[in-house]
Amino acid sequence: MSEPASRPTAATHRTSAVHSPAAAPPLVEARRVTFGYAREPVLENVDLAIRRGDFLAILGPNGGGKTTLVRLLLGLLQPWSGAVVRRLERGGAFGYVPQFATFDRTFPLRVRDVVEMGCLGRRRPFARLSAAGRAAARRALHRMGLEAVAERHVDDLSGGQIQRTLIARALAGEPEILFLDEPLASVDAEFRGSLVATLEELHREIPVVVVTHDLTPFATAVRQIACVNRCLHYHPEGKLTADMLEEVYGCPVELITHGVPHRVLATHGDAAHDPHQHHHHGDPLAGGSDGA
Amino acid sequence: MHLGDFLAYDFLRHALLAGLAASVLCGVVGTLMVVKRLVFFGAGLSHAAFGGLGLCHFLGLDPTLGAAAVAVLAALALGGDDRRRPRDATIGILWAVGMAAGIVFIHFTPGYAPDLLSYLFGNVLAVGGREVVLVWVLAGAVALALAAFYRETVAVAFDEEFAAVQGVPTGAVTTAILLVTALSVVFLIQLVGIVLVIALLTVPPVVALTLFRDFKSVVLAATLFGAVMTTGGLLLSYAYDLPSGPAMVLLGAAFLPVATLIRRWRQRRGASTQAPSPRAPAPPVRPVG
């Protein structure tokens, strides 16, 4: 599944390598990836490279394929065509913080149990959690400020504490790259600032990839932006312009301090579309099942 | 009632031993079914299995064999469901078709017609030495498998996608859980029957989940409650001449309000000893995206 595409990538394609001067090969790379759940592709000919030092925001409308792209990069989905190449040094440790809503609060687990799930790795049957794994989980709990609630049941936590628990779980595996899917959803405003600060701190050690529909909270942290709406537009400068939004949403938009939601200033070519429905421009049917 | 008399009967000894093996299945398989939302799935399998049971009865083969074959096939088919129709609808169809087929087969079986009620609600008299051995083999295998792959199993049950990112073979673990569910259902049919088997697999875990909050404690407590439920049910049925399956189910169900009261009492005590509420104001969990 990690094999490079058999046919060479044509020079004319929009590869991030064109933009990024870094010499080291990317840690994770999507090459001309096309994927869909049903007949229609959700993503088409997507190229993306994530390198050491990146703080990448994956931006785009609902159903545009943001979560799908992350799942492909993580190896949870296999592309129809193209390839995802991973060059991780330590056995391919990915840190993944899924969307908050998938969390089952009734599950009989304490915070520590959830975090220790992050260091499953390879182990022998019957083996207990290794001392190294336990230590990594303890460090992750400490880092996320969860020591005081470590023995509490997950149902006794606030939204912010649950999000911290999920990040700690990802960190317990000592990942080489961290993916977060809508980390600020279901989190109160007070907690947002501290979460972004935490991510900026983590970014000093590993690349951070954030899927978000709202760039504003990450404005100071983000270095690269990928706009995904079936196709992918990569912006190595990390600044959002009206042109970029128009490119991805397919209509001229007013750039408020929030990248999205935005006001539609003109309808786009396809006159049949209600301009207020432009958020579903991607493929609402194909991408709808996973909220991507 | 005298316990010595109770144990003097072969069939009661067998029922008791099968009940203790069943309690291991309550603890391990039942808990996984409840947390993975497989209760309706299990109930569907037990009713679908009746079709295989009836077929083997008609052909003069061992009915348990037919029930096991149908339950396993149905579990695999449902596990690989491609979501072209809602899974609970498929389960409902298998449920009804299995029952209909079973009754038709039994209807056409010449000679002595077996007591339908004993299939539906269980019959301890039917539990022989061979069944006891089979149930213990299954219980032992299931307990051993959970001990070997405890962390993987819990990780898959809690968050399949995250487990997959870590390289856990989630497909294999999920299939194993479905297969074990199917086999447990079939072997427990003998004890409490097709209709009541689901109570045996859900009441002990739900009582345990009400009282305990980490997975290991829940599994152990559910096993213990399962043992109390099956043994107590047998004793009640012996002492008061009650049908054994319903006695077990009703005894187990009586624990549910007790467990809820204990939980409330604990919460009230916890709230009064800790000055600020331990529960930070949590925003309601809403699906995003």
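Biologist: At what angle do α3(B) and helix α5 (residues 87-108) of chain B pack?

Modeller: First, the terms: helices (H or I, at least four residues) and strands (E, at least two) are DSSP runs, numbered from the N terminus. Axes are lines fitted to C-alpha atoms, for helices over the stretch in contact, and angles run from 0 to 180 degrees between N-to-C directions. The axes of α3(B) and α5(B) are 7 Å apart. Their angle is about 25°.

Biologist: Are α3(B) and α5(B) roughly parallel or roughly perpendicular?

Modeller: Angles under 35 degrees count as roughly parallel, over 145 as roughly antiparallel, 65 to 115 as roughly perpendicular and the rest as oblique. The angle here is about 25°. So α3(B) and α5(B) are roughly parallel.

Biologist: What kind of model is this?

Modeller: Residues are numbered from 1 along each chain as its sequence is written, while chains are lettered from A and ligands numbered from 1 in the order in which they are written. Local features need pLDDT of at least 70, side-chain atom pairs count only at pLDDT 80 or more, and totals for chains, interfaces and linings use all residues, for this is a predicted model.

Biologist: What is the mean pLDDT of chain B?

Modeller: pLDDT is the predictor's confidence in each residue, from 0 to 100. In chain B, 89% of the residues reach 70 or more. For chain B the mean is 86.

Biologist: Over which residues of chain B does pLDDT stay under 50?

Modeller: Where pLDDT is low, the predicted coordinates should not be read in detail. Two residues are in contact if their C-beta atoms, placed from the backbone, lie within 7 Å. The model has 29 contacts beyond four places in sequence for this stretch of chain B, residues 274-289.

Biologist: How many helices does chain B have?

Modeller: Chain B has zero strands. From the N terminus on, its elements run α-α-α-α-α-α-α-α-α-α-α-α. The number of helices is twelve.

Biologist: How do α3(B) and α10(B) lie to each other, roughly parallel or roughly perpendicular?

Modeller: Helix α3 (residues 39-59) of chain B and α10(B) have axes 9 Å apart and an angle of about 100°. Among the residues that make the contact are B:Ala49 of α3(B) and B:Val185 of α10(B). The two helices are therefore roughly perpendicular.

Biologist: At what angle do α7(B) and α10(B) pack?

Modeller: Residues of α7(B), including B:Leu134 and B:Leu138, meet residues of α10(B), including B:Leu183 and B:Phe187. The axes are 10 Å apart, and the angle is about 150°. That makes the two helices roughly antiparallel, at an angle of about 150°.

Biologist: Which residues have the most contacts inside the largest nonpolar core?

Modeller: A nonpolar core is a set of buried Ala, Val, Leu, Ile, Met, Phe, Trp, Tyr and Cys residues joined through C-beta atoms within 7 Å. The largest core has 169 residues. Its largest share, 26 residues, comes from α10(B). The residues with the most contacts inside this core are A:Ile58, B:Ala49 and B:Ala71.

Biologist: How many residues of helix α2 (residues 66-74) of chain A are buried?

Modeller: The buried residues include A:Lys66, A:Leu69 and A:Arg71. Just after α2(A), A:Gly75 takes a positive phi of about 85°. Helix α2(A) is mostly covered, and of its nine residues the number buried is nine.

Biologist: Does A:Leu232 count as buried or exposed?

Modeller: A:Leu232 is in strand β9 (residues 231-235) of chain A. Leaving aside neighbours within four places in sequence, its contacts are A:Val46, A:Asp47, A:Leu48 and A:Ala226. A:Leu232 has 24 C-beta neighbours inside 10 Å, so it counts as buried.

Biologist: How many strands are in chain A?

Modeller: Of the 292 residues of chain A, 47% count as buried. Its secondary structure has eight helices, and the strands number eleven.

How values were computed: Buried ≥ 20, exposed ≤ 12 C-beta atoms within 10 Å, placed from the backbone.
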